[in-house]
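Here is a briefing on one protein model. Read it alongside the sequence and the coordinates.

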Amino acid sequence: MEVIIKENYEEMSRCAAEIIAAHIKKNPRLVLGLATGATPVGTYKELIRMHREGLDFSQVVTFNLDEYLGVGMDLGKPYHLDQSYARFMHEELFAHINLKPENIHLPDGLAPDPEEFCRRYEEAIKNAGGIDLQVLGIGRDGHWAFNEPGSSLASRTRIQALTKETLDDNYESFYRQAGIAREEMPHFAITMGIGTILEARHILMLASGKKKAQVVAKALEGPVTSQITASAIQLYSGKATVILDKEAASELKNIEYYRHVEKLKAEMEAGR
Ligand code: GLP
């Protein structure tokens, strides 16, 4: 696991976008897993800027991690009345780059048979050849996607009930300003499982800000536990890159070691 510590959110976002762009340049047919939340917004802004300078997404295939159950994108509605992750992705990334609509995959919160939909989503990932690069944030309760505490570390795409902490956080970030009552928020979501995520070939996890510091330390350095599903990163056999800003890294015990490794790597690259 490589841990990269950046000065601030902007630098974290630039570094993440550079890694994604390098993947796309190397493999224009990249299968890219995408995340929602405030954390990757800066990365998406950078990718949009890079696209304006020529980065081509025309053959890239995307799979999003999750969606609220009972919610779907409705572009006919004003933004504040559509809190779907599909809408979020459309606004923050898809509308601004040249992905082909048929290459975009999002869990469908309005699927008539959600369980069948989850099975088909797993199939679609397999048929695409698996996820090459998966972008991840981390929830305050340690979740990846919507894999709440107690989720099996071998779980697959499924329906998940959300915890009070997640509902509180998402209410504050998105629903309150939309004027939607707390009780009207969806309490369930479709989420890729931890087992699904662990099959990606490269994981790119991002976190920023003081309020993530404790949970980041637990996930990276604490015991592997289904109570902090992002701790599954410690069982992961692919390439893992964690990019943090200084604040999110502030509770890490091994921070000096991560910085030391980064320095060695930079020296080796400069020497080449
Ligand atoms: C939601 C999403 C997660 C995301 C988390 C953190 O729960 N399902 O994928 O990582 O929020 O969001 P933020 O980046 O806004 O802190």
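Threonine 157 is buried, at 8% relative accessible area. Its place is the loop between β6 and β7. The model is a predicted one. The points below take up that loop, then the core, the helix contacts and two further loops.

- Beyond its neighbours within four places in sequence, threonine 157 is in contact with Cys118, Tyr121, Glu122, Ile190, Thr191, Met192, Gly193 and Thr196.
- Threonine 157 and proline 107 are 50 residues apart along the chain, and their C-alpha atoms are separated by 9.3 Å.
- Alanine 145 also belongs to the loop between β6 (133-136) and β7 (158-161).
- Buried or exposed? Alanine 145 counts as buried. Its relative accessibility is 11%, and the cut-off for buried is under 20%.
- The backbone at alanine 145 has a positive phi of about 55°, although the residue is not a glycine.

**The nonpolar core**

- The largest nonpolar core holds 88 residues. Those with the most contacts inside it are Leu47, Leu93, Trp144, Met205, Ile243, Leu244 and Leu252.
- Helix α1 (residues 9-26) gives this core its largest share, eight residues.
- In soluble globular proteins, nonpolar side chains tend to be buried together.
- Leucine 93 touches Leu34, Tyr44, Leu47 and Ile48, with residues up to four places away in sequence not counted.

**α1 against α2**

- The axes of α1 and helix α2 (residues 41-52) come within 8 Å and cross at roughly 55°. The pair is therefore oblique.
- The crossing of α1 past α2 is right-handed.
- On the α1 side, the contact is made by Tyr9, Ser13, Arg14, Ala16, Ala17, Glu18, Ile20 and Ala21. On the α2 side, Val41, Gly42, Thr43, Glu46, Leu47 and Met50 take part.
- By class, the residues of this contact are eight nonpolar, three polar and three charged.
- Glycine 42 lies in helix α2. Glycine 42 counts as buried, at 13% relative accessibility.
- Which residues does glycine 42 contact, leaving aside its neighbours within four places in sequence? They are Tyr9 and Ser13.
- Glycine 42 and alanine 17 are 25 residues apart in sequence and 8.7 Å apart in space, C-alpha to C-alpha.

**α2 against α3**

- α2 packs with helix α3 (residues 85-92) at an angle of about 40°, and the axes are 10 Å apart. That angle makes α2 oblique to α3.
- Val41, Tyr44, Lys45 and Ile48 of α2 meet Phe88, Met89 and Glu92 of α3.
- This contact of α2 with α3 has five nonpolar residues, two charged and no polar ones.

- Alanine 35 sits in the loop between β2 (31-34) and α2. Alanine 35 is buried, with a relative accessible area of 2%.
- Setting aside neighbours within four places in sequence, alanine 35 is in contact with Pro40, Tyr44, Asn64, Leu65, Met89, Val135, Leu136 and Gly137.
- From alanine 35 to tyrosine 68, the C-alpha atoms are 13 Å apart in space, and the residues are 33 apart in sequence.

- Helix α7 (residues 213-221) is mostly covered, with seven of its nine residues buried. The buried ones are Ala213, Val215, Val216, Ala217, Ala219, Leu220 and Glu221.
- What covers these buried residues includes β1 (2-6), β9 (202-207), β10 (239-245) and α8 (255-271).
- Threonine 225 lies in the loop between α7 and β10.
- Threonine 225 touches Leu153 and Ser231, not counting residues up to four places away in sequence.
- The C-alpha atoms of threonine 225 and serine 152 are separated by 9.2 Å, while the two residues are 73 apart along the chain.

Methods:
Residues are numbered from 1 along each chain as its sequence is written. This is a predicted model: local features need pLDDT of at least 70, side-chain atom pairs count only at pLDDT 80 or more; totals for chains, interfaces and linings use all residues. Side-chain values use heavy atoms; hydrogens and water are left out. A nonpolar core is a set of buried Ala, Val, Leu, Ile, Met, Phe, Trp, Tyr and Cys residues joined through side-chain atoms within 4.5 Å. Buried means under 20% relative accessible area, exposed over 50%, partly exposed in between (1.4 Å probe, protein chains only). Helices (H or I, at least four residues) and strands (E, at least two) are DSSP runs, numbered from the N terminus. Contact means heavy atoms within 4.5 Å. Axes are lines fitted to C-alpha atoms, for helices over the stretch in contact, and angles run from 0 to 180 degrees between N-to-C directions. Angles under 35 degrees count as roughly parallel, over 145 as roughly antiparallel, 65 to 115 as roughly perpendicular and the rest as oblique. A crossing is left-handed if the near helix is turned anticlockwise from the far one by less than a right angle, and right-handed if clockwise. Ala, Val, Leu, Ile, Met, Phe, Trp, Tyr, Cys and Pro count as nonpolar, Asp, Glu, Lys and Arg as charged, and the others, Gly among them, as polar.
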